[in-house]
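Biologist: I would like to learn how to read a protein model, one feature at a time. Could you take me through this one slowly?

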Amino acid sequence: MTDKCMMVFDSCKSIKGYNRGIIIDFHRFKYFYVPNTLIDFLNENDRMNLIQIKKNYIENKEIIEEYLDFSESNEIITFTDYSLTNNFPKMKEEFYYPGSISNIILDFNLLMYDFGNFLVEAVNFGARFLQIRFFNKVSCDFLNDILSRVCDKGLYSIELIINYDDLFENKNLNLITKFNLIQNIFCYNSPKNGLEEIYSKQIIHSKQSKINLHQCGYVSKNSFSFTTDHFFESKKYNSCLNKKISVDEFGVIKKCPSSIEVLGYVNNFDLNIITNLNEFSKYDLINKEKIEVCKDCEHRHICTDCRINVSDPKNIFSKPKFCTYNPYISKWDGEEGYKTLAECGVISNENGFSIDHDKIAEINKVLWGE
Ligand code: SF4
């Protein structure tokens, strides 16, 4: 064992936060909260000789043994001959999308609008991923009609957001098999919370009785994304709005349906003009490293950002409004010991953004010990 080298699996990516770090295993859709020092240790010693590692850390022998045991038992690292590590080339940590649009959202309430030409054009501009949101109950025919009209347009996948009754009670489940492009379905008004798989599609159940436009941007553990594309995109670009376009319930083209800025109308539009508007791309480069509070959060590259509902509408770099996580003490609102950002001395106002590190250290000492 000891003449081997330690190798971190490349499917495991880490993010350091203010108070702790996270290691995400993108193959197994798992994540582990860990001390930032464990992340430093893995980064500094990836593919290094194990004897040498142990020599270098002789004064911290116990903690290093603990780190190695934890990482090996959770399949974050393995021990192997150095010569074999060449068989495991590292992923290129970059994001490239060959089109000016990647994602579309279509919203429907009570009205149907003619989205056919828009969809065809958006696909010509690179769009491959479609989310369709139904705010109200829809009939089987309405649903079937919309899905029939989107499925032959060259998309790769469709996500539905729909009332539970419309899918399960009204016997529309056969639509899931009929339309192969449907990959995920979020069912609100469900009798339960949780995940299930039906016909290889992921169904996310939520007891939340309704959804509406203004609920965009809610952040919770359930909304984290575990794809490397999201992870790498988020490092450079805005993880919600980059290359996104949407049509609201009245057929108005916007960046995000919750935005008040109008980019055009679905019955009269020119995507050449729209994609060159400042309003189309002004959020693209606002990544999580630039956003107050999020830049200190260990979830920042698995979390989806929202720039429309922000905690301070006058500050485009302020935290998403509907996030209740405090990364300075690693607590969600409702968890024992939770304190607001202000109670921790994290302040954002016209004078700028400031953190009272001493106050946070005191709070963390009480919450988490030394
Ligand atoms: S603080 Fe920011 S990065 Fe962290 S969970 Fe909330 S919105 Fe996501």
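Modeller: What follows is a walk through a predicted model, going from its sheet to a helix, its cores and its ligand.

Biologist: Which strands pair in the parallel sense, for example, and which residues are bridge partners?

Modeller: Strand β7 (residues 103-108) pairs with strand β8 (residues 129-134) in the parallel sense, over 6 bridges, and Ile 104 has Leu 130 in β8 as its bridge partner. The parallel sense also holds for β10 and strand β12 (residues 201-205), which pair over 4 bridges, with Asn 184 standing opposite Gln 202 in β12. By contrast, β11 and β12 pair in the antiparallel sense over 5 bridges, and there the bridge partner of Glu 196 is Ile 203 in β12.

Biologist: How should I read a helix, and which residues of helix α4 are buried?

Modeller: The general idea is that an α-helix has 3.6 residues a turn, so residues three or four places apart point the same way. In helix α4 (residues 116-124), the buried residues are Phe 118, Leu 119 and Ala 122. They cover an arc of only 95° around the axis, and therefore they lie on the same side of α4. The face turned away from that buried side carries Gly 116 and Asn 117, which are exposed. As for neighbours, the buried residues of α4 pack against β7, α5 (140-150), β13 (244-247) and α9 (271-274). After α4 comes Gly 126, with a positive phi near 110°.

Biologist: Where do the nonpolar residues gather, and which of them touch the most other members of the largest core?

Modeller: In soluble globular proteins, nonpolar side chains tend to be buried together. The largest nonpolar core in this model has 34 residues, and those that touch the most other members are Ile 104, Leu 106, Ala 122, Ile 185 and Cys 187. Several elements give two or more residues to this core, including β7, α4, β8 and β10 (182-188), and the largest share, 5 residues, comes from β10. Apart from this core lies another, of 33 residues, among them Met 6, Ile 22, Ile 39 and Val 346.

Biologist: Is Val 34 buried or exposed?

Modeller: Val 34, whose place is in strand β4 (residues 30-34), is buried, because 22 other C-beta atoms lie within 10 Å. Leaving aside its neighbours within four places in sequence, Val 34 is in contact with Arg 20, Gly 21, Ile 23 and Ile 39. The C-alpha atoms of Val 34 and Ile 105, which are 71 residues apart along the chain, are separated by 36 Å.

Biologist: Finally, how many residues surround the ligand, and which are the closest?

Modeller: The ligand is surrounded by 13 residues, of which the closest are Cys 294, Cys 297, Cys 303, Cys 323 and Tyr 325. By kind, the residues of this shell divide into 9 nonpolar, 1 polar and 3 charged.

Methods
Residues numbered from 1 in each chain as written. Predicted model: local features only at pLDDT ≥ 70, side-chain atom pairs only at ≥ 80, totals over all residues. Pairing = 2+ DSSP bridges. Buried ≥ 20, exposed ≤ 12 C-beta atoms within 10 Å, placed from the backbone. Arc of directions from axis to C-beta. Contact = placed C-beta atoms within 7 Å. Near = placed C-beta within 6 Å. Nonpolar A, V, L, I, M, F, W, Y, C, P; charged D, E, K, R; others polar. Core = buried A, V, L, I, M, F, W, Y, C linked by C-beta atoms within 7 Å.
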